[in-house]
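Subject: Structure handover

Hello,

Here is the structure for you to look through. My notes on what was found follow below it.

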Amino acid sequence: MSKKNGRPLVIIDWETVDKLCGLHCTGVEIASIIGVGYDTLESAIKREFKLSFPEYFAQKSATGKVSLRRKQYTAAVDDGVP
């Protein structure tokens, strides 16, 4: 039986990462909040999703953009702006 070398894989809470992407947090901020280094987060994304961080972020941050636009529209309509 062979012994595996290296550190054990860090468990990433992807739901939290996705929410933080939706809030447009930077990769460094996300990594800090979930308690890992940016390189670890980037490696985990490559391992799990076969994407770079910018690719993953682009996919997950889209919901945040829609939410922001909805709030801006609502605020504009409520203020009487045409």
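Leaving aside neighbours within four places in sequence, Ser-61 is in contact (heavy atoms within 4.5 Å) with Cys-21, Gly-22 and His-24. Ser-61 sits in helix H4, residues 53–78; helices (H or I, at least four residues) are DSSP runs, numbered from the N terminus. With a relative accessible area of 2%, Ser-61 is buried. Buried means under 20% relative accessible area, exposed over 50%, and partly exposed in between, with a 1.4 Å probe and protein chains only.

This is a predicted model, in which local features need pLDDT of at least 70 and side-chain atom pairs count only at pLDDT 80 or more, while totals for chains, interfaces and linings use all residues. Residues are numbered from 1 along each chain as its sequence is written, and side-chain values use heavy atoms, with hydrogens and water left out.

**Salt bridges**

How many salt bridges are there? The count comes to 3, where a salt bridge is a side-chain nitrogen of Lys or Arg within 4 Å of a carboxyl oxygen of Asp or Glu.

- Lys-19 and Glu-15 are joined at 3.3 Å, N to O. They are 4 residues apart in helix H1 (residues 14–22), so about one helical turn separates them. Lys-19 is exposed at 53% relative accessibility, and Glu-15 is exposed at 52%.
- Lys-60 and Asp-18 are joined at 3.8 Å, N to O. Because Lys-60 lies in helix H4 and Asp-18 in helix H1, the pair ties together parts that are 42 residues apart in sequence. Lys-60 is partly exposed at 28%, and Asp-18 is partly exposed at 23%.
- Glu-48 and Arg-47 are joined, with their closest N and O atoms 3.6 Å apart. Glu-48 is partly exposed at 46%, as is Arg-47 at 33%.

**The largest pocket**

On a 1 Å grid over the protein atoms alone, a pocket is an open set of points where a 1.4 Å probe fits, with protein on both sides within 12 Å along at least five of seven lines; lining residues have an atom within 4 Å of a point. The largest pocket has a volume of about 180 Å³, volume being the space filled by probe spheres set on the points.

Its lining has 6 nonpolar, 3 polar and 2 charged residues. Asp, Glu, Lys and Arg count as charged, and Gly is among the polar residues.

Regards

Key: Helices (H or I, at least four residues) and strands (E, at least two) are DSSP runs, numbered from the N terminus.
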